[in-house]
Amino acid sequence: MASIPQDFIELVRSSTDIVNVISGYVPLKASGKSFKGLCPFHNEKTPSFHVNPERQIFHCFGCNEGGDAFKFLMLYDKLSFVESIEQLAGRAGLQVPRRSGPAQKEDKERSVLLRIQDEAAKFFQERLHHSPEGARAIAYLRKRDFTDETIRDYGIGFAPDQWSSLLDYLSKKGVRAELIERAGLAIPRKSGQGHYDRFRNRVMIPIASEMGRTIAFGGRILGDGEPKYLNSPESPIYNKSSVLYGFHRAKDAIRKTGTAILMEGYMDCLQAYQAGVKNTVASCGTSLTSGHARLLKRYTDKIVVNFDPDDAGMRAARRSIDLLLEEGFDVGVLTLPDGLDPDNFIRAHGREHYEKLVSEATSFIAFLIQEASKRYDVGTPRGKAALLDDVLPVIGKIPNRVERMGYVGPLAEYAGITDGAVLDELRRHVETKAPRFKLPAVEATPVKLAERELIRWILSSPEDSAILDEIEEEDLEGLVTAPIVRAMKEEKITGTLSTDRLLDRLEPDALKNQLTRIMTEPSPLGPRQSSRDCLNGLRRERWQRELSRLRGQQAQGADDDNLTAEILSLARRIETLGRVETRA
Ligand SMILES: [Zn+2]
């Protein structure tokens, strides 16, 4: 699994507190010895997500996800196992030992591409501040009311109006043109010979990853020229559908305010940041994707869409609303007065006025009705029908039925028809679609109480691990947790039995989740019951299975004295076992 040494993984683990890590993402409340919160992996209103500091694991009883701090980051931040170790090692101030293997080449390319972006950013900034052309760019930025601090703090730069200034600069540093192309900063000439700079005569805005590393650029042309905005293409380090401009700066503010403001462009965002409105992000010249939505979902459920009031902006707003509703967001729409975009509005009216309007943003439904009523005359039956056809498919996307129904009344009132008529139409729209939301998978075979408690006993008290030697393969027949018990037996032999170690080695994830569930669930057994009772419970089931097999043979006519003796002996053994409830 990892080319990182196991003892280093253990070191990172012991230097990490899972409560500390998770509470950076999910608000947690103390509940007895553990912590509870709303699960980030499924939609819920009452907390079923538990974090256990003693065992350093989490488990959600709603969707059955569970694991250790590494697993949490893998799920939450979509990291690989190795990346999760690196991240937690970084938090703990530990240096990851160098490793080798196929992953290394890829990592090496990524780090080279990241270094190229850093160098390019440095170059663009230097050109902005120390060249005659740069002075023109600064004048332009000042005209747009950007302060020197903003220009510096947000790493804004300038790409000269030349074909190879960045290429020349980077090749002097020993970077090959192919890599500069790979980083999205150069384009190969059509002749097949050589490259030229992608960005020329543009104000350059660095686009950062969630961790704040520069991974791409957005370039605004200086003066007239096409295209007005040009962005880096996708690259091994830049995936457009999962990067939002400003996200790394905005995420804390989004969490604090409980709202994310979605804008169209980075210039809008920059203006908002400068004014102190920090909870804003922009999709960089692409339509909003579900990847973007999921990114935001980790921090908030509420989004205010504030796009430019022109036709293109309104169409983009409409598409974003569709997607955000589908992803379960509470969506508000802000249309600024006098046809202003966020950039112009904030410059003209300031932060307070802007934030007031954000707090009063209309519900998406009012926005949709408004937009539709520009196109249809709702005074006529045909207009009413067109309005419903326009708005209902959007409402149909809201996953929560109760919430969906909440929009029936306002829509009926506006269109001047009965609630019933709207409802009928809505049903038609919702039911013609395939179900969009899957329920979390539930295991088909339940874990029996005895197996569950047995595993818990053994992992909780080391002296109970001796019982593992007594567990036979036949005891595990038909048990959901059989692979866990087998792994425990092996770990006991090598002397490395622990919950952590098991979570590392168990495959697939469903088994890990099974284990975290077992270790998180409260035990229904009294203190007088023990691992011995649990094993007895399993054994009774095993012998009963054998007994019915033998009786089956007997019934089929295979009658001899041996069989009868065996049946009697089995029945007696079952009798002598203590009684323990084995059904969960
Ligand atoms: Zn969950």
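Two strands are taken to pair if DSSP finds at least two bridges between them, and it is in this sense that the pairings of the predicted model are described here. The protein is divided into five parts, namely domain 1 (6-91), domain 2 (102-238), domain 3 (242-360), domain 4 (367-431) and domain 5 (449-576), and the C-alpha centres of domain 4 and domain 5 are separated by 58 Å.

Strand S9 (residues 202-208) has seven of its seven residues buried, so this strand is largely enclosed by the rest of the structure. The side on which Arg-202, Met-204, Pro-206 and Ala-208 point and the opposite side, to which Val-203, Ile-205 and Ile-207 point, both consist of buried residues. Strand S9 runs antiparallel to strand S10 (residues 214-221), to which seven bridges join it, and within this pairing Arg-202 stands opposite Ile-221. The hairpin of S9 and S10 has five residues between the strands, and Gly-212 there adopts a positive phi near 95 degrees. Strand S6 (residues 157-159) is also antiparallel to S9, with three bridges joining the two, and Phe-158 has Val-203 of S9 as its bridge partner.

A further group of six strands forms an open sheet of mixed pairing, in the order S12-S14-S13-S15-S16-S17. Strand S12 (244-245) and strand S17 (362-363) stand at the edges of this sheet with a single partner strand each, so that one side of each lacks a neighbour in the sheet. Within the sheet, strand S13 (residues 259-263) and strand S14 (residues 280-283) pair in the parallel sense over three bridges, with Met-263 standing opposite Ala-282 in S14.

Methods:
Residues are numbered from 1 along each chain as its sequence is written. This is a predicted model: local features need pLDDT of at least 70, side-chain atom pairs count only at pLDDT 80 or more; totals for chains, interfaces and linings use all residues. Helices (H or I, at least four residues) and strands (E, at least two) are DSSP runs, numbered from the N terminus. Domain bounds come from an automatic or database domain assignment. A residue is buried if 20 or more other C-beta atoms lie within 10 Å of its own, exposed if 12 or fewer, and partly exposed in between; C-beta atoms are placed from the backbone.
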